[in-house]
Amino acid sequence: MRFFLLAAGVVFALVLCISCGGGGGDTIKIGVAGPMTGDQAKMGNDEVNGATIAVEEWNAKGGVLGKKIELVNGDDRRDPKEAVSVANKLVNEGVVGVIGHFNSSCTIPASTIYNEAKVIQITPASTNPAYTKQGFKGAFRICGTDDQQGRYAADYAVNVLKKSRIAVLHDKTTYGQGLADEFKKGLEGRAEVVAYEGITQGDKDFTAVLTSVKGQNPEVIFFGGIYPEAGLLMQQMRKLGMDAQLISGDGTIDPEYIKIAGNAAEGTLCTYSPSVDKLPSAKNFLDTYIPRFGEPGPYSIYSYDAVGMLLTAIKETGSTDYDKLAARLHEMKYEGAKGTSQFDEKGDLTVAPYIMWVVKGGKFVPCE
Amino acid sequence: MAQFFQQILNGLTLGSIYALIALGYTMVYGILELINFAHGEIYMIGAFLGFILFSYLMPILGLWISLGVLLVLVFIAAMIFTSAYGATMQHVAYRPLRFSNRLNALISALGVSIFLQNFVMVTQGSAEKVFPDILTNEGIILADVNISYVQIIIIATSLVLMLALTLFINRTKLGITMRATAQDMKMATLLGINLDFVISLTFIIGSGLGAAAGVMVMLNYRSINFFIGYLAGLKAFTAAVLGGIGNIPGAMLGGLMLGLIEALGAGYISSEYKDVYAFIILIILLIFRPSGILGENVREKV
């Protein structure tokens, strides 16, 4: 009996090995990485949905270089350690490029792996400036950066809202704390920072830190972080009788934030890029996305354009060679769904404006 | 000064939740000397069941009965269903290992924990479940302290449940039976106590309390996901150890203390290290009093 079990086990293992010996060289593989499970799962899934639409459009026109394009998912659960693991896995699968990751705290460690393995990386959403300061020629970012974003929010708080007592909160991540610090720097002494505190991602109860901040009478609270915590913060602020204005960044601007904050969400301000709803270039994307996946998240369209840029580079250079693709991407002027995208020598977009959005009538709309 | 009282209130709200979950840990440890790692997941399942039951019952019964009555029904139903989970878990994963190595049961508990987390993740999805904002956010303001109605309900319900448990344990025959089994399992069986029944009851009560905590957390914070059991379980276990593992008033005390330490630490020292304060206190306490605040020393075997 034991021998039989052992033999069966060996055969089973062999079968597994054969069937996962790589799909052969007849598809071009592109990786998509982000948090696909866990409390920020919506963001990762938004990335995948946007990328899926792009890949299917290209495959319908015959793929690229005569081969079909295959999307490979990597779930990093917004955990930097997991992100490194995912990066290694994607590299081993033989991807030409990766659209990812979502969180800056994941994108930056993963970028070291992609750079060593000579895999192109385009992040649709990571805004921390440190990513492109590493000097990796194959690392790109199709969104804005936090030094601009933080500064814009600071200018808005001082010039438009004309507030002078501001509390700054962050979620201790590369992105959240980075953005909060840029905001603080951007204030440049024009307003008083009455509190600077960190909260933990995944935590639900912020009444303690909010009570302590409340004692400082802030007029504005700036939060650098992502929507689950932002929603809970806003909800609990109102419960504690705080009527300070909440300003947050692009990590918060998701319909999920409004659900979590509930009635308290009305009036929240968030920085984000200008609206794409009315852009003619986005019409096609939105018409395909909405019936299939519902309302797009803030980064679905970025993911879509990132895939488009990568595939265009492959097509125009006629190869999947890392150096050629990197060079081509640095020169490319791409007309995508969200408008024109062009990279500078660091890999950032040349033009990435920010505007202020506000929650009005239960939805995020651009401020007038 | 108002800020201080506000923080005390915050701490008591948080602590009530920890206390309810800690009771589950301590009761099971008292009888089986097993740390039920899956208890955090029971709390999470309680929260999910509360959410699911509400989603189903609201459209059907919403027109007939008031919201408050519906929520009480959901609360009780969630406790019952979760107790069923707890009893099943005991029967399937712990009972077969009852007389074997303690380590085996511990590993089994870890396995159940992982299984339940993934079970909920796969069946309910991995995104946050958000309970609609239909409960009032109102409250009363007493001496500059904002006391929301939901906070009052949480603290009051927890106190009622803890009082009920204490009365049950101390005054009823079943309660005394459970205490006897916890004191000396072998002797209890020799005296004719039905071991299976007592142990199942322990899990049922513990899971019910965990579920109560879960439902209240869902109502208060309104967003839950399959992973909340991990951190809550860890903290509640710490609370149980703080109060003396195996000791029921100890779990209640430990839970409330933990909540207060977290709130006061995060409010007055720094919020960045919020999770650390509780563990520091635990380490210091265990160095000087290894059995916890109310714990008894290990019995000498004569």
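The buried residues of helix H3 of chain B (buried meaning that 20 or more other C-beta atoms, placed from the backbone, lie within 10 Å of a residue's own) include B:Leu71, B:Val74, B:Phe75, B:Ala78, B:Met79, B:Gly86 and B:Tyr94. The model is predicted, with local features requiring pLDDT of at least 70 and side-chain atom pairs pLDDT 80 or more, whereas totals for chains, interfaces and linings use all residues. Residues are numbered from 1 along each chain as its sequence is written, and chains are lettered from A in the order in which they are written. H3(B) spans residues 67-94, and its 28 residues reach 39 Å from the first C-alpha to the last, close to the expected 40 Å (1.5 Å times one less than the number of residues). Helices H2 (39-61), H4 (102-124) and H8 (195-221) of chain B are among the elements covering its buried residues; helices are DSSP runs (H or I) of at least four residues and strands (E) of at least two, numbered from the N terminus.

In chain A, helices H4 (residues 104-117) and H6 (residues 174-187) pack at about 110°, with axes 7 Å apart; axes are lines fitted to C-alpha atoms over the stretch in contact, and angles run from 0 to 180 degrees between N-to-C directions. H4(A) is therefore roughly perpendicular to H6(A) (65 to 115 degrees). A:Ser104, A:Ser105 and A:Ile108 of H4(A) meet A:Thr174, A:Tyr175 and A:Gly178 of H6(A), contact meaning C-beta atoms within 7 Å.

Between the chains, the contact takes 32 residues from chain A and 30 residues from chain B. On the side of chain A that touches chain B, H8(A) gives the most, with six residues.

Methods: A residue is buried if 20 or more other C-beta atoms lie within 10 Å of its own, exposed if 12 or fewer, and partly exposed in between; C-beta atoms are placed from the backbone. Two residues are in contact if their C-beta atoms, placed from the backbone, lie within 7 Å. Angles under 35 degrees count as roughly parallel, over 145 as roughly antiparallel, 65 to 115 as roughly perpendicular and the rest as oblique.
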